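Q: Could you take a close look at one part of this model for me? I would like to understand what that part touches and how the contacts are made.

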Amino acid sequence: MRPADLRTELEPVWCSGCGDFGVLKGLTQALTDLEVAPEKLAVISGIGCSSRLAGYVKAYAFNSIHGRALPIATGLKLSRPEMTTVVVGGDGDGFSIGLGHIPHAVRRDTDLTYAVLDNGIYGLTKGQASPTTERDTKRGRGMAGAEDAPLDPVLLVLSSGCGFVARSHAGHLPHLRQMLREAIQYPGFAFVHVLAGCVTYQPKGYADGLLEHSFPVPETHDPTNLDQAMNLARDPRFALGLIYKRPRD
Amino acid sequence: MSTTAPGVTTHTPQTAATGRSLVIAVAGSGGDGVALLGDLLLSIAAHQGLYGMLVQSYGPQIRGGESAVVLRLSETEVAYEGDQTDLLVCFRTSDLKRFRGSMHLHEQSVLVLDSGDEGELPEWLGTTSREIMRYPFATRAAGVEVAGEPKNMMALALIAKALGWAPELAERALEERFAHRPHLLSADVKAYRAAWVQLQVPAMTRLTGHGLPLEVETGNEAVAHGALAAGLRFFAGYPITPSSEVMETLLDELPAAGGTVVQAEDEIAALGMVVGASFGGVPSMTATSGPGLSLMTEMMGLASMAEIPAVIVDCQRAGPATGMPSRTEQSDLFHAVYGGHGDFPRAVLGVFDVVHAHTLMYKAFALAEDYQLPVLVLSDAYVAQRRQIRGATPARSTVPRRWRWTSDDSPARFKLKGDQVVTPFRVPGTPGGTYLAAGIEHTEDGTPTSDTNMHQRMNERRFRKLPAIALDTADWVRTFGAADAPRGIIAWGSMYGLLREWVLAHPEYRVFLPEILLPFPLDALAAWRKGLSETVTLELSHQGQFHRYLSSLTDMSGVRSIARSGGLPMSAPELATLLSATLSSALSPTSAAAAEKEAS
């Protein structure tokens, strides 16, 4: 099986150069690595640019409503445990309208992989501030909320008790593939924070800036140590790699 | 599913001749054990093959505070708690004020009060010509009530004696209930026996059960059990009065049947999980009350758009926002029928009582699974929270089964072929069946589209489900009373219990109760309306939602609306008053016949 075999015939609606292409590629690669057959794969999403990804993967896919992918995926996984279930979405879908579901999905620890493409903006609705928009961003209309402090998704899920937390970058494909693969293999709720730009509503060079602002998780880091993981997450720069992986009982 | 020609109302009224019945009320405060006493009396009655039902009342708080039970025992099946209290035991007269409307004395009522209670009886309670009986329920020291013998056990002895029950019946019920708490059991049995010997009470009408034990069940338990028998395998819910016992019952029973129960973080997630599980091919349900249904509304549209079966039970309570959570109303009808953005088909059913809940839940799952859409089942606090004695439920050898896709079927999940109503459902795990389910408008194969023509055609196909359901459900109605009775009452849901008895005492009336509210069985209604000279709709909704809804479907000119806010269920005396105020003239059966003759 090749990654292309996991693609539907649909052409993505994304802008040329969008980070979502990277997530789509990294995901189909990781799933191919793990030899997940299409009929054993479920891809569940909410609403937003990145949520359109569900339609591009050959799977039992569900492009649902804004912010509600996690409950739907939970119901599916509990009723069909044999399905490899991946949830994809953006920062608005996950950390704004859908935020209330995240800590509870973490608490239930249902075996889901939740990959959030975080471009720090509402792309589909044309450039409003999201919960992860950098503070005091000023870029034209619709930026109410940009004066508020952004959420830190990694700290948020760590403090909720998430057993698997990793971060990657949409442009860093081999790394993203590896993080997604490990997340899918993790037998509980796994969270992957994917940094990305938005070619239309973030300034030129935004995605590269994120990468420049990142550093690889140091080799000395013990991902089974929650204190170390929290410290790594508190670093104002972005640690890329496996941040936390709780050993299973 | 049965298919009946529209317009044929086939149901012969199966109203049992009224057997003898008695209404017993007990009022007290939290800690008096009033609720337990009511349960014990009902289960002892059921054990003897007596029927009955019990409703519980609370003060403004749900936990603690005043508590009362009204219990009706009967030789035939009843779904109405009666309106004349034959025996009232009141531990504290000051508690009565919370229960206005729940109890009414008559000429021969037996009234039992505490010997040390000098409080006044409220005027609304009415009076009895019998002497008030007094017993030392409370233990007092220096005029202040202190902990003493359990009052409810004294009252149990008193009531059991008045009913002419053998003393060991109550002892057996206590042993069954408290076998795991031997200390409590022996204290209760001791108090019960002492009271049995000491207290004297006049004998009441002797009720004779048929001797075969019957079941006691709440409306919420009946909904849960009906769903289980219909093949339910996934439930997600969020606690809310008055529906929580649906989830609690399923927590006890669904896992053993191989299913899953999840308490979700909110109602949005609850229906989301149900939609997800049903996307997985598993019959799924949630239960909630009005506030929860509001939160579920967007997800309901998704289920309809993505053509995923889901059963949603709404135990209606009074008012918007918090309203009166433990009180009943029929005011979620508009929300159930119309709620949501955009156009989408759904079916809406209404529960009559505990017995009916069993068959209705089966029907709800049959519609959801057959037509791949959300099905709402409207219960209410009056049905949900009552305990009712019932006979055996229908034995079922099959459960509704979704039409499953195989590789021989069309490659398009949402095929727009001819007049096809539904297409085979693709169960995850089936090779070759992958597809995109979507809340976004889509083409036949699930591809997102904003093509207006496609939207029109998809709407037409999705809405084709409604006339198809209407054909299947044309006879999902219950009618009572003589076919030529001149006065008609159209009502729904929990009005059933009252109206079933109403026609026996008032032969000039007949009653029409739909089991399905959307699509409404209009042909059956039209056939039933023939020959009526006066008709009313009857409902617990300030806006008269049912009357307005029917007016949007059919010509209701001349049909008067009797509608009031909920809270207390409708009683027979209140209905008599409302009917006489609403209908123009007193109409005797003979003058009705004359009117009809004139009309023809």
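Predicted model: local features only at pLDDT ≥ 70, side-chain atom pairs only at ≥ 80, totals over all residues.

A: Happy to! On the domain 1 side, helix 1 (34-47) and strand 2 (51-58) of chain B each supply at least two of the residues that touch domain 2 of chain B. Strand 2 of chain B gives the most to that side, with six residues.

Charged residues bring us to salt bridges, and three of them are found across the interface of domain 1 of chain B and domain 2 of chain B.

Now step back to see the two domains as units. Domain 1 of chain B covers 21-198, while domain 2 of chain B is made of 217-400 + 477-600. Their centres, taken over C-alpha atoms, are 31 Å apart. The contact takes 23 residues from domain 1 of chain B and 23 residues from domain 2 of chain B. Together the two domains bury about 1,800 Å², and carbon and sulfur atoms give 53% of that area.

Chain B also has a neighbour, chain A. Here 40 residues of chain B are in contact with 30 residues of chain A. The area buried between chain B and chain A is about 2,700 Å², with 68% coming from carbon and sulfur atoms. Across this interface there are 12 residue pairs in polar contact. On the chain B side, strand 11 (260-263), helix 7 (267-279), helix 8 (290-305) and strand 17 (435-438) each supply at least two residues. Helix 7 of chain B gives the most to the side that touches chain A, with eight residues. That side of chain B divides into 23 nonpolar, 12 polar and five charged residues.

One salt bridge is found across the interface of chain B and chain A. Its partners are B:Glu265 and A:Arg108, whose side chains meet at 3.0 Å, N to O.

Finally, look at where strands from the two chains pair up. Strand 2 (residues 60-63) of chain A and strand 17 of chain B run parallel and are joined by four bridges. Within this pairing, A:Ala61 stands opposite B:Leu436 of strand 17.

Technical notes. Residues numbered from 1 in each chain as written. Chains lettered and ligands numbered in written order. Heavy atoms only, no water. Domains from an automatic or database assignment. Contact = heavy atoms within 4.5 Å. Buried area = accessible area lost by both parts, 1.4 Å probe. Salt bridge = Lys/Arg side-chain N within 4 Å of Asp/Glu carboxyl O. Polar contact = N/O pair within 3.5 Å; in protein donor to acceptor, adjacent residues only side chain to side chain. Nonpolar A, V, L, I, M, F, W, Y, C, P; charged D, E, K, R; others polar. Pairing = 2+ DSSP bridges.
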